[in-house]
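Good morning, and thank you for coming. Please look at the structure on the screen while I go through its side-chain contacts and its backbone.

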Amino acid sequence: LSRQQFGGNWTEEKLQSLRKYLGAYMTVMKKQPFQTFYIDAFAGTGYRKPRSAKEEVLIKQLVDEDSEEFRKGSATIALEISPSFDKYIFVESDPKNFAELAKLKNVHSRLADRITLHKKDAAVVIKELCSLDWIKLKWRGVIFLDPFGMNVSWQTIEAIAKTHALDLWLLFPLGVGVNRMITKDGKIQEAWREKLNILFGTNEWQQEFYKPKEPGQLKLFNNNPVRQLEKAITLEGIALYFNERLKTIFPGVADNPLMLTNSKNNPIYLLCFAVGNPAGKGPALRIAQHILRRK
Ligand SMILES: C[S@@+](CC[C@H](N)C(=O)[O-])C[C@H]1O[C@@H](n2cnc3c(N)ncnc32)[C@H](O)[C@@H]1O
């Protein structure tokens, strides 16, 4: 497990990792007989939203190329990769964001006929796309899942793995979601429990994350000990558990997912990478693990 360097901006780390991988991917793929796809299932607007008025002012002060660079979101970054992908699929369910996103066709008019836009739920579009026979079609690609919080289900991740053709970059909601839901005493609201089941694709996390309290600490009820649980997992443990889950369905998974932290150094997301095609496993993993490495 790597940890983002303290002081680094996590959005920047996320987008830089993606940019580096897409560049390396297309350099390798240009020599191969495949149609290449970039799928951005939570595409946003194509540009980063300033998080505060203060950040907006800061951006305006940077009146050089860097300010433009700083504003780019994942979709824009993907469109700038050279050589270009054969197809770009952008999904965004929010109508306002979608309207912004759609403008990318004008900004990148040279690639307009390669871009497909969907104003839909990411899960629906991914399910449809992944039901096609990617191997037979000689399609390969990279899919980026950058949701807010707990918006991805294991079913969606499984559908991606089943194509055997898509490399996955995923923001797993480690600190923003999971760690907060895993309460210390194991009393978890039913709705949260269900969300965790949907995210992990199993309810076995409960046995992994909790252990029974020591007998000495137990409360008694009618002189009988009441079965009580306590949290027995660290953030690193949750990250490892999820990474191991990915290994059950993908031929290769980066062993050093990157913990992205906020300005107070609290982990928020875990940036994970999984390879889709068994034949491409070696080089893809080497590149991704190199990108994810932090000193
Ligand atoms: C974290 S932002 C994406 C940022 C983007 N990757 C970038 O770098 O600029 C997540 C986006 O997903 C969209 N979204 C949320 N739920 C969605 C869903 N179920 N299907 C598609 N898009 C969704 C949100 O409207 C939001 O724009």
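Asp 146 and Lys 14 are both buried, where buried means under 20% relative accessible area, exposed over 50%, and partly exposed in between, with a 1.4 Å probe and protein chains only. Their side chains meet in a salt bridge, at 2.8 Å from N to O; the term stands for a side-chain nitrogen of Lys or Arg within 4 Å of a carboxyl oxygen of Asp or Glu. Asp 146 lies in the loop between β5 (139-145) and α9 (154-162) and Lys 14 in helix α1 (residues 10-29), so this pair ties together parts that are 132 residues apart in sequence. Helices (H or I, at least four residues) and strands (E, at least two) are DSSP runs, numbered from the N terminus.

A word on the source: this is a predicted model, in which local features need pLDDT of at least 70 and side-chain atom pairs count only at pLDDT 80 or more, while totals for chains, interfaces and linings use all residues. Residues are numbered from 1 along each chain as its sequence is written, and side-chain values use heavy atoms, with hydrogens and water left out.

The count of salt bridges comes to 8. Another of them joins Glu 80 to Lys 72, with the closest N and O atoms 3.3 Å apart. Here Glu 80 is partly exposed, at 37% relative accessibility, whereas Lys 72 is buried, at 10%. Lys 103 and Glu 100 also meet in a salt bridge, at 2.9 Å from N to O. Lys 103 is partly exposed at 42% relative accessibility, and Glu 100 is partly exposed at 36%.

I turn now to the aromatic residues. How many aromatic pairs does a search of the whole structure find? The search finds 21, counting rings of Phe, Tyr and Trp (its six-membered ring) whose centres lie within 6.5 Å; planes under 30 degrees apart count as stacked, over 60 as edge-to-face and the rest as tilted. The rings of Tyr 21 and Phe 273 have centres 4.9 Å apart and planes at 55°, so this pair is tilted. Tyr 21 is buried at 2% relative accessibility, and Phe 273 is buried with a relative accessible area of 1%. Tyr 25 and Phe 85, by contrast, form a stacked pair, with 6.0 Å from centre to centre and 10° between the planes. Since Tyr 25 lies in helix α1 and Phe 85 in the loop between α4 and β3, this pair ties together parts that are 60 residues apart in sequence. Tyr 25 is buried at 7% relative accessibility, and Phe 85 is buried with a relative accessible area of 0%. These four residues belong to one aromatic cluster, whose members also include Tyr 38, Tyr 88, Phe 90 and Trp 169.

Two arginines sit over rings. Arg 140 lies over the face of Phe 34, at 4.0 Å from the ring centre, and Arg 245 over the face of Trp 154, at 4.5 Å. The criterion is that NZ of Lys or CZ of Arg is within 6 Å of the ring centre and within 35 degrees of the ring normal.

After α9 comes His 164, with a positive phi near 55°.

In helix α5 (residues 95-102), the buried residues are Asn 97, Phe 98 and Leu 101. Seen down the axis of α5, they fall within an arc of 100°, so they line one face of the helix; the arc is that of the directions from the helix axis to the C-beta atoms. They pack against α4, β3, α6 (104-107) and β4 (115-118), while Pro 95 and Lys 96 are exposed on the other side of α5.

Finally, the backbone. Most residues other than glycine have a negative phi, and most peptide bonds are trans. Ser 82 and Pro 83, however, are joined by a cis peptide bond, with omega about -5°. Pro 83 is placed in the loop between α4 (74-79) and β3 (87-91). Lys 138, in the loop between α8 (134-137) and β5, has a positive phi near 60°. Asn 265 has a positive phi of about 70° and is found in the loop between β12 (258-261) and β13 (267-275).

Methods: Contact = heavy atoms within 4.5 Å.
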